[in-house]
Amino acid sequence: MTVANFSLAGKVAIVTGGSRGIGRSIAVALAEAGADVCVAARKPEALEETVAAIKATGRKGIAVPTNVREAEGLQNLVAETKKQLGRIDILVNNAATNPQFGPIANLEERAWDAIMNTNVKSAWLLSKMVREAIKEHGEGGSIVNVSSTGGLRASGGLGGYSVSKAAIIMLTQVCAKEWGTDGIRVNCIAPGLIKTEFSRALWDNEAILKNSLTQSPLRRIGDPDEMAGAVVYFASAASSFTTGQTLVLDGGGLA
């Protein structure tokens, strides 16, 4: 018997926002652990490289272009994953947006709605759909949400985004409490500043970068690949008695 079983052999995962950055790293890591993976994002061409990286591990990889703000698109994502890969065991809610940087008093209603619909509503809807897919095979499963340290501490200029990521942490706890009897564990990661295109406006800003480096005991910002191991842990049997938790991955910045 393996004491710490990180294998995902025979499992099928969906990763939203899987075309680049943290989502891409998570998708490839899940495949490396043995899962077949469906990646979703709005632009089909952006998904091709991730699918190629998944297939390079020897696992099956598919792309389903999806606008996570549309319920019909999420339903199609679930249906296509089951059709092409046979089942669903793991969901990673990673898709997110932050269209406006600045004080929350200046945040436009349209931007607020875009943030909440993309970052929170889509995760809630897709989680419900995947719960039903997991219940179909009755073997349990795992949902991993991607929050942010901004959901634990207010971030200047990112007010709406911080509110949405705080909501993701509570969504994680609520679903974990309600779906445990279904054999579904729900956990969350909260990355700090990670060097991705999504966060370029932050790490490309000399003052913000300097502040982040000063606050970090490791004196650096994170790499997308450094987020993936925690998701493999939450998705695998290695975390079989862990649910409702948020793991901060910020180089010690909140310590």
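A salt bridge is a side-chain nitrogen of Lys or Arg within 4 Å of a carboxyl oxygen of Asp or Glu. This is a predicted model, in which local features need pLDDT of at least 70, side-chain atom pairs count only at pLDDT 80 or more, and totals for chains, interfaces and linings use all residues. Residues are numbered from 1 along each chain as its sequence is written, and side-chain values use heavy atoms, leaving out hydrogens and water.

**View 1. Arg-87 and Asp-89 meet in a salt bridge.** Asp-89 is buried, at 1% relative accessible area (buried means under 20%, exposed over 50%, partly exposed in between, with a 1.4 Å probe and protein chains only). Shared partners join Arg-87, Asp-89 and Glu-139 into one network of salt bridges.

**View 2. Lys-82 forms a salt bridge with Glu-136.** Here the closest N and O atoms are 3.0 Å apart. The pair links helix 3 (residues 71–85) with helix 4 (residues 109–137), 54 residues apart (helices are DSSP runs of H or I, at least four residues, numbered from the N terminus). Lys-82 is partly exposed at 28%, while Glu-136 is exposed at 56%.

**View 3. Helix 1 is mostly covered.** Of its 12 residues, 9 are buried, including Ile-22, Val-28 and Leu-30. Just after this helix, Gly-34 takes a positive phi of about 115 degrees.

**View 4. Cys-175 and Cys-188 are in no disulfide.** A disulfide needs two cysteine sulfur atoms within 2.5 Å; the sulfur of Cys-188, the nearest to Cys-175, is 11 Å away. Cys-175 is buried at 7%, and Cys-188 is buried at 0%.

How values were computed:
Helices (H or I, at least four residues) and strands (E, at least two) are DSSP runs, numbered from the N terminus.
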